[in-house]
Amino acid sequence: MHRLAVSIAVCSALVAMLPRTGETVEAATVRDQIGLLGEPQLLVGMAIFIFGVGGVYVLSVPCISMFMRVARQRHPKAMMLASSVEPTAFNIGISFGTAVGSAVVAGPGMASAGVVGAVFSLVACVLTLLTMRIDRRRG
């Protein structure tokens, strides 16, 4: 939760440090720029940053902890393998996401990237919940 607060603080600081000049030679004031905070593109960008960066820490750490706990309980002699499988799976996920993202941009176009990302996020949430449910049953 601490890292989510840091993400929000960093995002707020970035907004506060937006350039104070526009297309005119006259310097823009904070009051002039406050309307920018109502722009959907900026709000979505902030949400992606907050939930993307914050979500990595808020969700991945408990998942990794559960993975290592299960490995320790059920396969204590394979802890080294378990320790190496987790980052390997993480990197495979990054590679897969990058490949799918580039295929989406090259195919249907950039406008579809958000929808595809949302679908992947929903699938990840469902798989996380399913994994937690299985863990509780076996627990």
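Let's start with how α4 and α5 pack. The axes of α4 and helix α5, residues 113–138, come within 10 Å and cross at roughly 150 degrees. Axes here are lines fitted to C-alpha atoms, for helices over the stretch in contact, with angles from 0 to 180 degrees between N-to-C directions. That makes α4 roughly antiparallel to α5, since the cut-off for that label is over 145 degrees. The contact, meaning heavy atoms within 4.5 Å, is made by Phe96, Val100 and Val104 of α4 with Ala113, Val116 and Phe120 of α5. The crossing of α4 past α5 is right-handed: the near helix is turned clockwise from the far one by less than a right angle.

A word on provenance. This is a predicted model, where local features need pLDDT of at least 70, side-chain atom pairs count only at pLDDT 80 or more, and totals for chains, interfaces and linings use all residues. Residues are numbered from 1 along each chain as its sequence is written, and side-chain values use heavy atoms, with hydrogens and water left out.

Now the overall picture. The chain has five helices and zero strands. Helices are DSSP runs of H or I, at least four residues; strands are E runs, at least two; numbering goes from the N terminus. Of 139 residues, 12% count as buried. Buried means under 20% relative accessible area, exposed over 50%, partly exposed in between, with a 1.4 Å probe and protein chains only. The accessible surface comes to about 10600 Å², and carbon and sulfur atoms hold 72% of it. That area is from the Shrake-Rupley method with a 1.4 Å probe.

Back to α4 itself. The buried residues of α4 are Ala82, Val100 and Val104. Val100 and Val104 also belong to the contact with α5.

Next, α5 and Asp135. Asp135 is in helix α5. Is Asp135 buried or exposed? It counts as buried, because its relative accessibility is 12%. Leaving aside neighbours within four places in sequence, Asp135 is in contact with Met66, Arg69 and Val70.

Last, Cys63. Cys63 sits in helix α3, residues 40–74. Cys63 is partly exposed, because its relative accessible area is 30%. Its C-alpha atom is 8.6 Å from that of Met132, 69 residues away along the chain.

Conventions. Angles under 35 degrees count as roughly parallel, over 145 as roughly antiparallel, 65 to 115 as roughly perpendicular and the rest as oblique.
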